Amino acid sequence: MNPKNEWVDQVSWKMVQMFAGDYQQIQHFFKVYSYAALIGRKEKLEPDQQIQLELAALVHDIGIKPARQKYHSTAGYLQEKEGPNLARALLEEVEVPSVMVNRICYLVAHHHTYAHVDGLDYRILLEADMLANLEESGTKLQDKAQLQVFCTKAGRELCCFLFGLEYGKVFLEENGV
């Protein structure tokens, strides 16, 4: 097996163990992983950036449990604060190279921050997490403005298909996206 696929499998299993009994959180990180992997492939990320994105998607909410325990809150900024060290320990345990670990930890530390997005992997992680959060919250996208938060072509298309947005398909066509 490809070592990069082994990293995904090992990290997936460790995350399931870490969140044992919290099926909603487990489902969430697998949804974000699936959406991010798909968008990343459609956007033609380089192989190392793709695997980095996939690993980041799996561990993006790793800080939610300690945030809940320490602060009695799951606020995004608390997840960003608590998550990177846990992610680093987990990723180093499965022997992910340090350059990838550093970027993944950066993404974990910013996955609720929409300003100063500094890479396509970051953008895709935000979009994948947003798609999962919209679906899980039962939010209905009401207008074209809500679609504007999706900056990648693949993210916009996936949003339209997931939520059956005819106006979204028209918007994409009208704007050549």
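A residue is counted here as buried under 20% relative accessible area, as exposed over 50%, and as partly exposed in between. In the predicted model examined here, these classes are applied to a chain of 177 residues, of which buried residues make up 46%. The chain has 10 helices and zero strands, so that, from the N terminus on, its elements follow the order α-α-α-α-α-α-α-α-α-α. The accessible surface of the chain comes to about 8,900 Å², and 53% of this area belongs to carbon and sulfur atoms. Among contacts between residues at least 6 apart in sequence, 60% join residues at least 24 apart.

The largest nonpolar core holds 48 residues, and the members that touch the most other members are Val11, Met15, Leu55, Val59, Leu91 and Val96. At least two residues of this core are supplied by each of α1, α2, α3, α5 (76–93), α6, α7 and α9 (153–163), while the largest share, nine residues, comes from α7. The surroundings of one of these members can be described in detail: when neighbours within four places in sequence are left aside, Val11 is in contact with Leu55, Leu58, Val59, Leu90, Leu91 and Val94.

Helix α3 is mostly covered, with 10 of its 13 residues buried. Ser12 itself is found in helix α1 (residues 3–18) and, at 11% relative accessibility, counts as buried.

The structure holds three aromatic pairs. In one of them, the rings of Phe29 and Phe30 have their centres 5.0 Å apart and their planes at 50 degrees, so the pair is tilted. The two partners fall into separate classes of accessibility, since Phe29 is buried, with a relative accessible area of 1%, whereas Phe30 is partly exposed, with a relative accessible area of 31%. A further aromatic pair, formed by Tyr106 and Tyr122, is edge-to-face, with 6.1 Å from centre to centre and 85 degrees between the planes. This pair links distant parts of the chain, with Tyr106 in helix α6 (residues 98–108) and Tyr122 in helix α7 (residues 120–137), 16 residues apart. Tyr106 counts as partly exposed because its relative accessibility is 28%, a value that lies between the limits of 20% and 50%, whereas Tyr122, at 1% relative accessibility, counts as buried. Ring pairs also link Phe19, Phe29 and Phe30 into a cluster. Within this cluster, the face of Phe19 has Lys65 lying over it, at 5.7 Å from the ring centre.

Helix α2 (residues 23–42) includes Gln24, which counts as exposed at 54% relative accessibility. The C-alpha atoms of Gln24 and Glu136 are separated by 9.2 Å, although the two residues are 112 residues apart along the chain.

Most residues other than glycine have a negative phi. Lys44, by contrast, has a positive phi of about 60 degrees although it is not a glycine. Lys44 is placed in the loop between α2 and α3 and, at 68% relative accessibility, counts as exposed. For Glu95, phi is near 65 degrees, again a positive value in a residue other than glycine. Glu95 is found in the loop between α5 and α6 and is exposed, with a relative accessible area of 65%.

Note on methods:
Residues numbered from 1 in each chain as written. Predicted model: local features only at pLDDT ≥ 70, side-chain atom pairs only at ≥ 80, totals over all residues. Heavy atoms only, no water. Phe/Tyr/Trp six-rings, centres within 6.5 Å; stacked < 30°, edge-to-face > 60°. Buried < 20%, exposed > 50% of the residue type's maximum accessible area, 1.4 Å probe, protein only. Helix = DSSP H or I, 4+ residues; strand = E, 2+ residues; numbered from the N terminus. Lys NZ or Arg CZ within 6 Å of the ring centre and 35° of its normal. Contact = heavy atoms within 4.5 Å. Areas by Shrake-Rupley, 256 points an atom, 1.4 Å probe, with all protein chains shown as cover. Core = buried A, V, L, I, M, F, W, Y, C linked by side-chain atoms within 4.5 Å.
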